[in-house]
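My entries follow in the order in which I checked them.

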Amino acid sequence: MPLPVLGPGLVPAAAPETVQFSVRYALPEYVSFMWQHAGYIIRRRRIGTLATYWMQTKSTSSAALHFVTQGRSRHTYEFTIDTHGIVRASGSGVTLVPWGDVCSIRRYSRGFMMVLKRGTLPVPFRCLSAAQGESMVRFGESLRAATRL
């Protein structure tokens, strides 16, 4: 399902530009994304401060271990994000993600986190120009408006 370009009152009718960039993740950056995202998910459960930090630490540690064992820092990922969906290419293959599989686009201190039905895709600010950052914001607005329909 392509991302709808919504009209007045919801999202500006101008389609966001295609966002293309390449990224090679670093462990500290990836851990920061995962710490913030785990914090968001766990805090929604309202389980108490101590349990929240324990679960957040455990979840982030698991994500960091996965990052290291999968060798994610050795791969360069090429992204193309447009109104049809997300394409992520690397030396190990191509992943196509339709907008129907994207639950939300969250903004964290180091960049955007695209939350998928199965997993996440971090998009660091360092890889985006100002115009591409604005396009990511518009993609997020269109996605939020589409889920309200």
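**Entry one: the sheet.** I began with strands β2 (residues 77–82) and β3 (residues 85–90), which run antiparallel and are joined by five bridges. One of the pairs I looked up is Glu-78, whose bridge partner in β3 is Ala-89. I worked on a predicted model, in which local features need pLDDT of at least 70 and side-chain atom pairs count only at pLDDT 80 or more, while totals for chains, interfaces and linings use all residues. Residues are numbered from 1 along each chain as its sequence is written, and side-chain values use heavy atoms, with hydrogens and water left out.

For the names, I took helices (H or I, at least four residues) and strands (E, at least two) as DSSP runs numbered from the N terminus, and I counted two strands as paired if DSSP finds at least two bridges between them. With that rule I found an open sheet of four strands in the order β1-β2-β3-β4, with antiparallel pairing. Its edge strands are β1 (19–23) and β4 (93–98), each of which pairs on one side only. As a reminder to myself, strands of a sheet pair through backbone hydrogen bonds, either parallel or antiparallel.

**Entry two: helix α3.** I then noted that helix α3 (residues 130–148) lies across β1 and β2 and runs at about 110 degrees to β1, where axes are lines fitted to C-alpha atoms, for helices over the stretch in contact, and angles run from 0 to 180 degrees between N-to-C directions. Gln-132 is found in this helix. Is Gln-132 buried or exposed? Gln-132 has a relative accessible area of 12%, so I put it down as buried (buried means under 20% relative accessible area, exposed over 50%, partly exposed in between, with a 1.4 Å probe and protein chains only). Leaving aside neighbours within four places in sequence, Gln-132 is in contact (heavy atoms within 4.5 Å) with Glu-17, Val-19, Gln-20 and Cys-127.

Cys-127 counts as buried at 15% relative accessibility, whereas Cys-103 is partly exposed at 42%. I searched the whole structure for disulfides, meaning pairs of cysteine sulfur atoms within 2.5 Å, and found zero.

Which residues have the most contacts inside the largest nonpolar core? This core has 30 residues, and those with the most contacts are Phe-21, Ile-81, Ile-86, Trp-99, Ile-105, Met-114 and Met-136. By a nonpolar core I mean a set of buried Ala, Val, Leu, Ile, Met, Phe, Trp, Tyr and Cys residues joined through side-chain atoms within 4.5 Å. The largest share, five residues, comes from β6.

I counted one salt bridge, defined as a side-chain nitrogen of Lys or Arg within 4 Å of a carboxyl oxygen of Asp or Glu. Arg-126 forms it with Glu-29, the closest N and O atoms being 2.8 Å apart. Arg-126 lies in the loop between β7 and α3 and Glu-29 in helix α1, so the pair ties together parts that are 97 residues apart in sequence. Arg-126 counts as exposed at 52% relative accessibility, whereas Glu-29 is buried at 6%.
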